[in-house]
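Subject: Handover of a structure and the findings on it

Dear colleague,

I am writing to hand over the structure shown below.

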Amino acid sequence: MAPHLSNEEFFSSLTDLLSKTSQKARGSVFLSQKPLIDGVSTAAPSILVRATDGNTNAPNPKSQSKDGKITKKASSKDKIKFSTVVKVDDLEAFYTRYADVCKAGMTGLKKRDRSKRKAKGKGGAAKATKA
Amino acid sequence: MPYLPTSQAFLEQSAQLLEAYPDTTRITTKYHFPTETPGARAKRSKSQAKKAASTTSETTTTQTTSAPVASLTLKTYNPTTGIVLQYQTNKIAEVSRLITGLGKLASGADVASLGLSGAGGGDVEMVDAPAVVEVVPASAPAANANAGQGGKGKKKGGKGKR
């Protein structure tokens, strides 16, 4: 497995991956986080953050088979994956940045709708009186 | 495994799960576009074109690309117990709140601190749902209200498609 990226490199790769996926409007991006336990130290563990496209951006094997070649499965070489380790002290700064990157990159999601927001505010008020 | 009705509920329950099994629990975030059949794609682009025609002011601001709406699924999974908690959204407005929530979970925040931050940082419906454990009946109607709103959103989408 490729070595972990620095936090900075991780963000640039993630920005790239998210924008590519959003542009294509197809495929997925998987992000995972888990504590990195070494079993020795009792201090709060670092967090391992991984990102992958799950090989969902690989070409469709059905469309490829037209030109005679039959690809049995998507080659795992095309899979994009990278990871980084976040130290406990950097967690807050990392996640602030992470949130920004995700928000900027996930353009395929629904934009904030002003008119709906107004309706929601009304609903909230009604709810408050009920409670 | 259940999809939780609100992001707040998801974060709280995840915090509890992490508290119970800090070593083995992991959180995954999936940003994904739906797979579409060609028929569904044609239908959607048609309805979008119709919408664009009716609201002329919006055509200038929004791109007229026929991209499907992506969605974001958060999943907290503990392999040893097999517990999965999920939350799904398609609103960009929720993303940064969710991710900062994940950050708090990663740094080992407990339920109480999450609840407080939710009340302070939540800009929409979380305001009157303080996550104190004793106020369970108060938070229950809040969850219901949210579910209702989700239903409304779905209905609107249905109309647009026709």
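This is a predicted model: local features need pLDDT of at least 70, side-chain atom pairs count only at pLDDT 80 or more; totals for chains, interfaces and linings use all residues.

I begin with a pair of helices in chain A. Helix α1 (residues 7-24) of chain A packs against helix α3 (residues 91-105) of chain A at an angle of about 20°, and their axes lie 9 Å apart. Because angles under 35 degrees count as roughly parallel, α1(A) and α3(A) are roughly parallel to each other. Their crossing is right-handed. On the side of α1(A), the contact is made by Asn7(A), Phe11(A), Leu14(A), Thr15(A), Leu18(A), Ser19(A) and Ser22(A). On the side of α3(A), Phe94(A), Arg97(A), Val101(A) and Gly105(A) take part.

The angle between α3(A) and α4(B) is about 155°, with the axes 8 Å apart. Since angles over 145 degrees count as roughly antiparallel, α3(A) and α4(B) are roughly antiparallel to each other. In this pair, too, the crossing is right-handed. From α3(A), the residues in contact are Leu91(A), Glu92(A), Tyr95(A), Tyr98(A), Ala99(A), Cys102(A) and Lys103(A). From α4(B), they are Val95(B), Ser96(B), Ile99(B), Thr100(B), Leu102(B), Gly103(B) and Ala106(B). One of these deserves a separate mention: leaving aside its neighbours within four places in sequence, Ile99(B) is in contact with Tyr95(A), Tyr98(A), Ala99(A) and Cys102(A).

I turn next to the strands. Six of them form an open sheet in the order β3(A)-β2(A)-β1(A)-β1(B)-β2(B)-β3(B), with antiparallel pairing. At the edges stand β3 (81-86) of chain A and β3 (83-89) of chain B, each of which pairs on one side only. From one strand to the next, the twist averages 15°. Helix α1 (residues 7-20) of chain B packs on the sheet, where it touches β1 (26-32), β2 (71-78) and β3 of chain B. The direction of this helix makes about 155° with that of β3(B).

In chain A, strand β1 (residues 28-36) and strand β2 (residues 46-52) run antiparallel and are joined by seven bridges. Phe30(A) has Thr52(A) as its bridge partner in β2(A). In chain B, seven bridges join β2(B) to β3(B), which also run antiparallel. Here Asn78(B) stands opposite Ile83(B) of β3(B). The hairpin of β2(B) and β3(B) has four residues between the strands, and in it Gly82(B) takes a positive phi near 75°.

Finally, some overall figures for chain A. This chain has four helices and three strands, which follow one another from the N terminus as α-β-β-α-β-α-α. Of its 131 residues, 19% are buried. Among the contacts in chain A with a separation of 6 or more, 68% are between residues 24 or more positions apart.

With kind regards

Notes
Residues are numbered from 1 along each chain as its sequence is written. Chains are lettered from A and ligands numbered from 1 in the order in which they are written. Two strands pair if DSSP finds at least two bridges between them. Helices (H or I, at least four residues) and strands (E, at least two) are DSSP runs, numbered from the N terminus. Axes are lines fitted to C-alpha atoms, for helices over the stretch in contact, and angles run from 0 to 180 degrees between N-to-C directions. Two residues are in contact if their C-beta atoms, placed from the backbone, lie within 7 Å. A residue is buried if 20 or more other C-beta atoms lie within 10 Å of its own, exposed if 12 or fewer, and partly exposed in between; C-beta atoms are placed from the backbone. Angles under 35 degrees count as roughly parallel, over 145 as roughly antiparallel, 65 to 115 as roughly perpendicular and the rest as oblique. A crossing is left-handed if the near helix is turned anticlockwise from the far one by less than a right angle, and right-handed if clockwise.
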